[in-house]
Amino acid sequence: PVTVVGLDVTSRCVLPAARAAALRDAAGDTGRLLFDISRRYEALYREHDGLDGCCLHDVTAAVCLVEPSLFRFETGPIRVVTAGIAVGQTIQ
């Protein structure tokens, strides 16, 4: 079995800019490093989506691995769109 954590899920997991700054201040050198390396990522979301923060796509998938009880799962086939405006999208 394969588990997919789609963008429809991960796009709802947003780390607001103010929370990122608070984590930076509370987590010492590691917090500052993570904050510093995420500035361009956050800027992209602000510029393209008007979001004051950034989506945690990879983090959400990792959390699903270690704490699956936080998620609801559906089973079934997944199809990948290979042409047209939705090319690359997965559909269940």
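User: In the predicted model, is T60 buried or exposed?
Analyst: This is a predicted model, in which local features need pLDDT of at least 70, side-chain atom pairs count only at pLDDT 80 or more, and totals for chains, interfaces and linings use all residues. Residues are numbered from 1 along each chain as its sequence is written, and side-chain values use heavy atoms, with hydrogens and water left out. Buried means under 20% relative accessible area, exposed means over 50%, and partly exposed lies in between (1.4 Å probe, protein chains only). With a relative accessible area of 5%, T60 is buried.

User: In which helix is the place of T60?
Analyst: Helices are DSSP runs of H or I with at least four residues, strands are runs of E with at least two, and both are numbered from the N terminus. The run of residues 57–66 is the helix that holds T60, namely α5.

User: Which residues is T60 in contact with, leaving aside its neighbours within four places in sequence?
Analyst: Contact means heavy atoms within 4.5 Å. With the neighbours within four places in sequence left aside, the residues in contact with T60 are V5, V9, T10, C13 and F71.

User: What arc do the buried residues of α5 cover around the axis?
Analyst: The buried residues in α5 are H57, T60 and C64. The arc is that of the directions from the helix axis to the C-beta atoms. These residues lie on the same side of α5 because their arc is only 65 degrees.

User: Which exposed residues does the face of α5 turned away from its buried side carry?
Analyst: The buried residues of α5 pack against α1, α4 and β2 (53–55). On the face turned away from that buried side, α5 carries the exposed residues D58, L65 and V66.

User: How many salt bridges does the structure hold?
Analyst: Side chains of opposite charge can pair when their charged atoms come close. A salt bridge is a side-chain nitrogen of Lys or Arg within 4 Å of a carboxyl oxygen of Asp or Glu. The number of salt bridges in the structure is six.

User: What is the N to O distance in the salt bridge of E42 and R39?
Analyst: E42 and R39 are three residues apart in helix α4 (residues 39–49), so about one helical turn separates them. E42 counts as buried at 4% relative accessibility, whereas R39 is partly exposed at 24%. Their side chains meet in a salt bridge with an N to O distance of 3.1 Å.

User: Which residues do salt bridges that share partners join into one network?
Analyst: E42 also forms a salt bridge with R46, with the closest N and O atoms 3.1 Å apart; both residues lie in helix α4, four residues apart. The side chain of R46 meets that of D52 in a salt bridge of 3.0 Å, N to O. Through shared partners, the salt bridges make one network of R39, E42, R46 and D52.

User: How far apart in space are V14 and D52, C-alpha to C-alpha?
Analyst: V14 lies in strand β1 (residues 14–16) and counts as partly exposed at 33% relative accessibility. Leaving aside neighbours within four places in sequence, V14 is in contact with L51, C54 and C55. V14 and D52 are 38 residues apart in sequence, while their C-alpha to C-alpha distance is 8.9 Å.

User: What is the angle between the planes of Y41 and Y45?
Analyst: Rings of Phe, Tyr and Trp (its six-membered ring) pair if their centres lie within 6.5 Å; planes under 30 degrees apart count as stacked, over 60 as edge-to-face and the rest as tilted. By this rule there is one aromatic pair. Y41 and Y45 are four residues apart in helix α4, so about one helical turn separates them. Their centres are 5.2 Å apart, and the pair is edge-to-face, with an angle between the planes of 90 degrees.
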